[in-house]
Amino acid sequence: MPELPDVEMFKRALDRHALGRVVAGVDVPDPGILEGAAPATLQRRLKGRQFTSSVRHGKVLFACFGDAPSLAMHFGTNGSLQDVPSGADDPPSTRLSLAFTDGARIAYINPRRIGHVCVTDGVASFIAEQHLGPDALDPALDERKFAEMLAGRRLAIKALLMDQSRIAGIGNIYADEILFQARLHPGVPTNTLDARQRHRLFDAMREVLRVAIDRGAGAENFTERLPDGFLLRQRRAGGHCPRCGTALVIDKRAGRTSYHCPKCQPQEGA
């Protein structure tokens, strides 16, 4: 499932292939993927508009067209973006594509249709309406605010990290990595963390996400690009802790498969 590092890579690819180009048309082969406007309305409002910028907030990527509506893209479980050269066919499972006046196209691909593209008049208003918390890499989210966010929460720490209304961008897979690097058990109640553990968690969150982005590693793709000491390289049945060699424990947390090292991440969270 695409998480913050994946969507940041989509953003950079979108900027690289579309920034400054002018929209010639919008094709929506699957109208059910689109929310907030009919395909014909979107075509009318975007045709002739220049792609001016993109914004990523958590797992959502916004394509902006000046004072025209923006597209808020959520990638669900296996969505992606792909640039399509002039004259080439759209890839399989393309649900929406933007054609530019120079012949190039950008395709929003979503094989399982668990995801959507929303038409919105404002990035900030969309974030507020969707009740999204601060982006996990937002410079404004400093350690003090992070500690305030955790204070008094009885929820297990992994569940809190994955709660997009608290912190936007972290999913099941990178939550496992962050907790491994912070040496915290995924089931530790958030309100039992001491100042040292909160500091370790905050640093691990920032470092893990930045390293993943810098190395071009996603939640499930290109994990071999991550450092040897990262859990994701061993996050599988039969995997072992990259730090101590102990067999990883696999269990269910908030309905999701979770991996941790029982030796490096003891239940008490020490």
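Colleague: Which residues in the largest nonpolar core touch the most other members?

Modeller: Keep in mind that this is a predicted model. Ile-167, Ile-170, Tyr-174, Leu-201 and Met-205 touch the most other members of that core, which has 36 residues.

Colleague: And which helices supply at least two residues of this core?

Modeller: Helix 4 (143-150), helix 5 (157-162), helix 6 and helix 7 each do. Helix 7 gives the most, with 9 residues.

Colleague: What is Tyr-174 in contact with, leaving aside its neighbours within four places in sequence?

Modeller: Tyr-174 contacts Glu-3 and Pro-5, then Val-208, Leu-209 and Ala-212, and also Ala-217, Gly-218, Ala-219, Leu-226 and Leu-232. Apart from this core lies another one of 27 residues, with Ala-18, Ile-33, Ala-68 and Leu-81 among them.

Colleague: Back to the helices. At what angle do helix 6 and helix 7 pack?

Modeller: About 125°, and the axes of helix 6 (residues 172-182) and helix 7 (residues 195-215) are 8 Å apart. The two helices are therefore oblique to each other. Helix 6 passes helix 7 in a right-handed crossing.

Colleague: Which residues make the contact?

Modeller: From helix 6, Tyr-174, Glu-177, Ile-178, Leu-179, Gln-181 and Ala-182. From helix 7, Arg-200, Leu-201, Ala-204, Met-205, Val-208, Leu-209 and Ala-212. By class, the contact of helix 6 with helix 7 has 10 nonpolar, 1 polar and 2 charged residues.

Colleague: What covers the buried residues of helix 6?

Modeller: The cover includes helix 1 (4-18), helix 5, helix 7 and strand 11 (256-260).

Colleague: What follows helix 6?

Modeller: Arg-183, which has a positive phi, near 60°.

Colleague: What is Lys-158 in contact with, beyond its neighbours within four places in sequence?

Modeller: Asn-172, Ala-175, Asp-176, Leu-179, Pro-186, Arg-253, Thr-257 and Ser-258. Of these, Asn-172, Ala-175, Asp-176 and Leu-179 are buried residues of helix 6.

Colleague: Now helix 4. How does helix 4 pack with helix 7?

Modeller: Helix 4 and helix 7 pack at about 115°, with 10 Å between their axes, and the crossing is right-handed. Glu-143, Phe-146, Ala-147 and Leu-150 of helix 4 meet Arg-198, His-199, Leu-201, Phe-202 and Met-205 of helix 7. That contact has 6 nonpolar, 1 polar and 2 charged residues.

Colleague: And at roughly what angle do the axes of helix 1 and helix 7 cross?

Modeller: Roughly 40°, with the axes coming within 9 Å. That makes helix 1 oblique to helix 7. The crossing of helix 1 and helix 7 is right-handed.

Colleague: Which residues meet there?

Modeller: Leu-4, Pro-5, Glu-8 and Arg-12 in helix 1 meet Leu-209, Ala-212 and Ile-213 in helix 7. The contact of helix 1 with helix 7 has 5 nonpolar, no polar and 2 charged residues.

How values were computed
Residues numbered from 1 in each chain as written. Predicted model: local features only at pLDDT ≥ 70, side-chain atom pairs only at ≥ 80, totals over all residues. Heavy atoms only, no water. Axes fitted to C-alpha atoms, helices over the stretch in contact; angles between N-to-C directions. Helix = DSSP H or I, 4+ residues; strand = E, 2+ residues; numbered from the N terminus. Parallel < 35°, antiparallel > 145°, perpendicular 65-115°, else oblique. Left-handed = near helix turned anticlockwise from the far one by under 90°. Contact = heavy atoms within 4.5 Å. Nonpolar A, V, L, I, M, F, W, Y, C, P; charged D, E, K, R; others polar. Core = buried A, V, L, I, M, F, W, Y, C linked by side-chain atoms within 4.5 Å. Buried < 20%, exposed > 50% of the residue type's maximum accessible area, 1.4 Å probe, protein only.
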